[in-house]
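Here's a quick briefing on one chain, going residue by residue and then zooming out. Have the model open while you read.

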Amino acid sequence: MSQALSTETQLLTFEDYLRHDDGTDTRYELVNGVLVEMLPESDENLSIARKLLLELIRHLPPDWVVWGTEIEVTGRRATGRIPDLLVHTEASKVAVAGATRATITRDMPPPALVVEVVSPGQTNRERDYRYKHTEYAARGIAEYWIVDPETRQVTLCLWVNGQYEDQVYSGAEPLRSTVVPGFGLTATAIFG
């Protein structure tokens, strides 16, 4: 969930965003130059993200599966997203190693996978299914998972020739990931 705080007259660059400090511990995303406060997630969304985290680290190096890492993407103006989970490639992990801020900028290699657990509301649905779909594809991220508690479906977006091809999973069919070939959870298990 999010809430816009800036106005169109106060547009920030990504560098401004990285320097921003309002003296609080409030988390923000930068969306087309505007600071957007990231409201706390629901208990259900946190539970789903935790379940996915635990399954992913069964198949990948644990320090490659992270939350809270932000990624600079392309928007109409400067945009940075904070996905619910992110899986590094070896190159993206090396790029952020030793940095004072867990941020993957445009000049760094993209991560292998981002996961967004859809929050309730039409605005959140549009952000995850439409805007982030385009932004993550433009960034060249191999897979983008849209985990939707409302529909009880997972949309696995696979990057092919510059755009995503989407496969929707529901019920008892295990997700088939190219990034995590051994991933064994089904939509039923993820939402159960």
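Ala112 sits in the loop that runs between strand 8 (103-104) and strand 9; helices (H or I, at least four residues) and strands (E, at least two) are DSSP runs, numbered from the N terminus. This is a predicted model, in which local features need pLDDT of at least 70 and side-chain atom pairs count only at pLDDT 80 or more, while totals for chains, interfaces and linings use all residues. Residues are numbered from 1 along each chain as its sequence is written, and side-chain values use heavy atoms, with hydrogens and water left out.

- Ala112 is buried, at a relative accessible area of 11%; buried means under 20% relative accessible area, exposed over 50%, and partly exposed in between (1.4 Å probe, protein chains only).
- Not counting residues up to four places away in sequence, Ala112 touches Val87, His88, Thr89, Ile141, Ala142, Glu143 and Val179, where contact means heavy atoms within 4.5 Å.
- Val180 is 68 residues from Ala112 in sequence, yet their C-alpha atoms are 9.6 Å apart in space.

**Ile104 in strand 8**

- Ile104 belongs to strand 8, and its relative accessibility is 0%, so this residue counts as buried.
- Leaving aside neighbours within four places in sequence, Ile104 has contacts with Thr69, Glu70, Ile71, Glu72, Leu86, His88, Ser92, Val96, Pro109, Pro111 and Arg139.
- From Ile104 to Val73 is 31 residues in sequence and 9.2 Å in space, C-alpha to C-alpha.

**Thr79 and Asn32**

- Thr79 is part of strand 6 (residues 79-81) and is buried, with a relative accessible area of 1%.
- A polar atom of the Thr79 side chain lies 3.0 Å from the backbone nitrogen of Asn32. For reference, a polar contact is a pair of N or O atoms within 3.5 Å; within protein, one must be able to donate a hydrogen and the other to accept it, and residues adjacent in sequence count only if both atoms are side-chain atoms.
- Beyond its neighbours within four places in sequence, Thr79 is in contact with Phe14, Leu30, Val31, Asn32, Ile71, Glu72, Val73 and Glu135.
- Asn32 itself is in the loop between strand 2 (28-31) and strand 3 (34-38), and at 16% relative accessibility it counts as buried.
- The phi of Asn32 is near 50°, a positive value in a residue other than glycine.

**Another positive phi: Arg152**

- Arg152 is not a glycine either, but has a positive phi of about 60°.
- You'll find Arg152 in the loop between strand 10 (143-148) and strand 11 (153-160), where it is partly exposed at a relative accessible area of 39%.

- Gly121 is in the loop between strand 9 (113-117) and helix 4 (122-138), and is partly exposed with a relative accessible area of 34%.
- Gly121 and Gln167 are 46 residues apart in sequence, and 23 Å separates their C-alpha atoms.
- Asn124 lies in helix 4 and counts as buried at 7% relative accessibility.
- Between Asn124 and Thr13, 111 residues apart along the chain, the C-alpha separation is 23 Å.
- His133 is in helix 4 too, and at 16% relative accessibility counts as buried.
- Leaving out neighbours within four places in sequence, the contacts of His133 are with Asp128, Tyr144, Ile146, Cys157, Tyr164 and Asp166.

**The whole chain**

- The chain has five helices and twelve strands.
- How does the radius of gyration compare with that of a compact globule? For 192 residues such a globule would be near 16 Å, and the chain's 16 Å agrees; the radius is taken over C-alpha atoms, and the globule rule is 2.2 Å times the number of residues to the power 0.38.
- The C-alpha trace spans about 50 × 35 × 30 Å along its principal axes.
- Of the 192 residues, 45% count as buried.
- Among contacts between residues at least 6 apart in sequence, 57% join residues at least 24 apart.
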